[in-house]
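Student: Could you walk me through this structure, one topic at a time? I would like to begin with the charged side chains.

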Amino acid sequence: AQCLCPFLQGNLVKTRSFWSCERRRKLHRVQHGQCSYTFILPEMESCQGGSEQKSGTNVVQRDSPPADGEWPVQKLQHLESAMENNTQWLLKLENYIHQKTGMVHFQADAVHNQTATMLEIGTNLLTQTAEQTRKLNVVEAKVMNQTSKIAIQLLENSLSTNKLEKELLTQISEISKLQDKNSRLESKVLVLESKQRTELEDMREEKERLQDLVKRQTAAITALERQLRVASTNNSALQRQHQQLMKSVHTLIGMMSSGTASVFSLTGFSSNEQHFRDCAEAYKSGHNTSGVYHIYIGDMTEPTKVWDAGGGWTVFQRRASGSVNFQKSWKDYKLGFGDPSGEHWLGNEAVHLITSQAQYSLRVELKDWEENGAYALYDKFQLAGEKQQYRLLLGSYSGTAGQQSSLASNGTGFSTRDADNDKCVCKCALMMTGGWWFDACGLSNLNGIFYTVGHNIRKLNGIKWHHFRGPSYSLQSTSMMIRPADF
């Protein structure tokens, strides 16, 4: 056999020992896969008799050929049985080889699958390792950035600590100086206290002396009173003098009362104490000249000074010189400010009380820096109370200050820098300045900033009346006045 399979070689050795002959006449070859198997078929003619004698008696008897007539048949049967045995051995070998080959292929496939799996696992591990490496690099970068930020913060903290230390040293030195000053002041205070004690003691002594003196003077006064009673009862002349003195006193009192009446007549009041609710009543009473008058508003016990513009008009706002600052708070606009004889605001509460006692009309007089005048007249005007934010109630408009009204519409609340009651997201009182009835920062604001001539153009926060001189022209003078609608 030319194939070196261990199992086959063992069986072939046995076959060769059984069929060994000096001369070979016939060969049988079988090819299976990579192995080639060759079988030798012996013949009795070529075998030598001497070998039978050497192999022993048992072997000769078992393997010796039969008689001459029976030998070919027995030989053929023996060969056939040997061939069947060999064929069975070959089939077993073939099955065994197929099993081994299948196992080898199975093992190869398993190894291939394991190798692929290991490669896939290795690839995944490499990918995960790369991802982890990237993440570690990112984390490392973040850590480095954080470390640098912490280092910068530490440096800043150290610098701030140094500054604080310097400031503390400065404060300590100042405290030491203050302590020195305090000690000196304490010593001075102690000296002053000692002086005050001595002065108090002196004052107590003086008080005691004065009390003794007062007692002595009181005793002297009582003695003099007794003497005076005795003298008054005994002296009728003194009584007549006393009566004459009383008459003189009454005469002086009458003269003083007449002088007071003349003073009242000069300030707008008569000797009969006439009380006017507004300038219209004063006008109807005969006071037809413009000037400062006293009126009684609502239930107020004290009179209020107002400016009478003539014709029964009571002025509650006037601007002419810029001498009064109109950038005031809610309380200032409520109570009023300025001087009625000059620039002033009478007060929202006063205007509310006046316009609540009857139906009033409003007149607004305007003048620009070119000396052009205009007016706006409203046949109805009233201010609501403070709880209603001094809301504006207006009637129909007429006048020369534009074809339509520049004043806010009905129901607009009054706004100041500390009380925002407008309809704008922004605070109009801060943007446009002053206190006014801002709707959405509106078409008018007579309480804006007073700009002089030459600086009054393009001023949105000035004294403006849109339909008279536009939205950014600041006027020279304004006045707002009221009187009863039925005047």
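Student: Which residue does Arg277 form a salt bridge with?

Tutor: Before anything else, keep in mind that this is a predicted model. In it, Arg277 forms a salt bridge with Glu281, and the closest N and O atoms are 2.8 Å apart.

Student: How accessible are Arg277 and Glu281?

Tutor: Arg277 counts as partly exposed at 38% relative accessibility, and Glu281 also counts as partly exposed, at 24%.

Student: Why can side chains like these pair up at all?

Tutor: Side chains that carry opposite charge can pair when their charged atoms come close to each other.

Student: How many salt bridges does the structure hold?

Tutor: There are 10 salt bridges in the structure. One of them is formed by Arg197 and Glu193, with 3.7 Å between the closest N and O atoms.

Student: Where do Arg197 and Glu193 sit relative to each other?

Tutor: They are both in helix 4, which covers residues 71-234, and because they are 4 residues apart there, about one helical turn separates them. Arg197 is partly exposed at 48% relative accessibility, and Glu193 is partly exposed as well, with a relative accessible area of 32%.

Student: And what about Asp439 and Lys423?

Tutor: The side chains of Asp439 and Lys423 meet in a salt bridge too, at 3.9 Å from N to O. Asp439 lies in the loop between helix 9 (428-431) and strand 12, while Lys423 lies in the loop between strand 11 (397-399) and helix 9, so this pair ties together parts that are 16 residues apart in sequence. Asp439 is partly exposed, with a relative accessible area of 23%, whereas Lys423 counts as exposed at 59%. There is also a network, in which salt bridges that share partners join Asp368, Glu370 and Arg469.

Student: Switching to cysteines, which ones does a disulfide join?

Tutor: A disulfide joins Cys428 to Cys441, with the two sulfur atoms 2.1 Å apart. Cys428 is in helix 9 and Cys441 in the loop between helix 9 and strand 12, and the two are 13 residues apart, so the pair links distant parts of the chain by the way helices and strands are numbered here. The link is left-handed, with -90° about the S-S bond.

Student: Are Cys428 and Cys441 buried or exposed?

Tutor: Both Cys428 and Cys441 are buried. Elsewhere, Cys279 is buried with a relative accessible area of 1%, while Cys426 counts as partly exposed at 24%.

Student: Now the inside: which residues touch the most other members of the largest nonpolar core?

Tutor: That core has 52 residues, and the ones touching the most other members are Phe316, Leu362, Phe381, Trp437 and Trp465. Strand 9, residues 373-383, gives the most to this core, with 5 residues. If you leave aside neighbours within four places in sequence, Trp465 is in contact with a set of residues that includes Val364, Leu366, Tyr378, Leu443 and Leu475.

Student: Last one, where does Asn456 lie?

Tutor: Asn456 lies in the loop between strand 12 (444-445) and strand 13 (464-465). Asn456 is buried, because its relative accessible area is 3% and buried means under 20%. A polar atom of the Asn456 side chain lies 3.3 Å from the backbone nitrogen of Gly454. Not counting residues up to four places away in sequence, Asn456 touches Trp369, Tyr451, Ser472, Tyr473 and Ser474.

Terms used: Residues are numbered from 1 along each chain as its sequence is written. This is a predicted model: local features need pLDDT of at least 70, side-chain atom pairs count only at pLDDT 80 or more; totals for chains, interfaces and linings use all residues. Side-chain values use heavy atoms; hydrogens and water are left out. Buried means under 20% relative accessible area, exposed over 50%, partly exposed in between (1.4 Å probe, protein chains only). A polar contact is a pair of N or O atoms within 3.5 Å; within protein, one must be able to donate a hydrogen and the other to accept it, and residues adjacent in sequence count only if both atoms are side-chain atoms. Contact means heavy atoms within 4.5 Å. A nonpolar core is a set of buried Ala, Val, Leu, Ile, Met, Phe, Trp, Tyr and Cys residues joined through side-chain atoms within 4.5 Å. A salt bridge is a side-chain nitrogen of Lys or Arg within 4 Å of a carboxyl oxygen of Asp or Glu. A disulfide is a pair of cysteine sulfur atoms within 2.5 Å.
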